[in-house]
Amino acid sequence: MRRKNSQRGQSFVETGLVLLIFLMLLIGIIDFGQVLYFHQSLVERARAAARYGAINPTDTTGIKNVAVYNSATITGTPPAILYGMTTSMVDVQNPDINTTSARVVVTISNYPIVFISPYIAQAFHNRPVMVAMSSEGGNQVP
């Protein structure tokens with residue numbers, strides 16, 4: 001009887017150790033998946049803004065709005081597609097707008113990602129996402 005009780009305590013200790021490692025691994029996988037998801041979402045938002053900018057290269061406000069709100073013209077305060085994303089995080093460059101090699105470059109930077117894991121830094125700024133696209137509209141010289 002005494003031996004059975006001591007083994008029961010051993011199983012609790014083993015379960016606690018394995019469960020701790022399993023939960024840390026699971027939270028790490030969730031954090032990694034979250035980073036991948038947000039990065040891919042930012043790339044898609046930058047591509048959508050660059051597509052709009054290829055047609056309307058002079059409308060920098062509209063390009064920023066497409067990146068954040070998925071609409072060039074906004075009324076009121078619509079929610080952003082990605083939580084916490086603002087137009088100040090979007091940078092639009094179109095340096096050679098009057099030439100045939102005109103390109104619109106959309107960069108999204110400083111988007112914060114908050115991790116679930118207490119062992120990783122609590123706030124992390126994603127790497128800047130940059131998309132460039134040839135401009136098809138505007139005042140191009142033939």
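Modeller: Four bridges join β1 to β2 (residues 103-108), and the two strands run antiparallel. Strands here are DSSP runs (E, at least two residues), as helices are (H or I, at least four), numbered from the N terminus; two strands pair if DSSP finds at least two bridges between them. This is a predicted model, where local features need pLDDT of at least 70, side-chain atom pairs count only at pLDDT 80 or more, and totals for chains, interfaces and linings use all residues. Residues are numbered from 1 along each chain as its sequence is written, and side-chain values use heavy atoms, leaving out hydrogens and water.

Colleague: Which residue in β2 is the bridge partner of Val92?
Modeller: Strands of a sheet pair through backbone hydrogen bonds, either parallel or antiparallel. Here β1 and β2 are antiparallel. In β2, Val92 has as its bridge partner Val106.

Colleague: Which strands stand at the edges?
Modeller: The open sheet has three strands in the order β1-β2-β5, with antiparallel pairing. Two of them have a single partner strand each, so one side of each is left without a neighbour in the sheet: β1 (90-93) and β5 (129-134).

Colleague: How many degrees separate the ring planes of Tyr37 and Phe38?
Modeller: Rings of Phe, Tyr and Trp (its six-membered ring) pair if their centres lie within 6.5 Å, and planes under 30 degrees apart count as stacked, over 60 as edge-to-face and the rest as tilted. The centres of Tyr37 and Phe38 are 5.5 Å apart. Their pair is edge-to-face, with the planes at 65°.
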